[in-house]
Amino acid sequence: NEALHTAAIYSTGFAGTVKIQGTLGDNTSTRWFDITTETLSNPTTPHYVNFNGVFSYLRFVKTNDSGNTGSIDKILIRN
């Protein structure tokens, strides 16, 4: 059964993208796939994203926009 997952991305002045990836393998897997890509443009509140699926592991990959001086402070996941 697929599960609902929610991620809360907390940032300070961040401009760029955060890609959520999953794998069905172990934590050393090279078979990661994209679940969703979220675009952030200096949000002042946490950015929430919901997604469904069954995954062994999740990871988050950030890409800075040109000139970005902000940061991703933390990401909380509920699954």
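1. Before anything else, one term: a contact here means heavy atoms within 4.5 Å. Keep in mind, too, that this is a predicted model.

2. With that in hand, have a look at Ala7. Leaving aside residues up to four places away in sequence, Ala7 touches Ile20, His47, Tyr48, Val49, Phe51, Phe60, Leu76 and Ile77. Some of these names come back in the core: the largest nonpolar core has 5 residues, namely Ala7, Ile20, Val49, Phe51 and Phe55.

3. Now for the rings. How many aromatic pairs are there? The count comes to 2. One is Phe33 with Phe55: their ring centres are 5.9 Å apart and the planes sit at 40°, so this pair is tilted. Phe33 belongs to strand S3 (residues 33–41), while Phe55 is in the loop between strand S4 (47–53) and strand S5 (57–64), so the pair ties together parts 22 residues apart in sequence.

4. Are these two partners buried or partly exposed? Phe33 is partly exposed, because its relative accessible area is 33%. Phe55 has a relative accessible area of 19% and counts as buried, because the cut-off for buried is under 20%.

5. Phe55 also pairs with Phe51, and that pair is tilted as well, with 6.2 Å from centre to centre and 55° between the planes. Both Phe51 and Phe55 are buried.

6. One last thing to look up in the model is Tyr10: Lys74 lies over the face of its ring, 4.8 Å from the ring centre.

Note on methods
Residues numbered from 1 in each chain as written. Predicted model: local features only at pLDDT ≥ 70, side-chain atom pairs only at ≥ 80, totals over all residues. Heavy atoms only, no water. Core = buried A, V, L, I, M, F, W, Y, C linked by side-chain atoms within 4.5 Å. Buried < 20%, exposed > 50% of the residue type's maximum accessible area, 1.4 Å probe, protein only. Phe/Tyr/Trp six-rings, centres within 6.5 Å; stacked < 30°, edge-to-face > 60°. Helix = DSSP H or I, 4+ residues; strand = E, 2+ residues; numbered from the N terminus. Lys NZ or Arg CZ within 6 Å of the ring centre and 35° of its normal.
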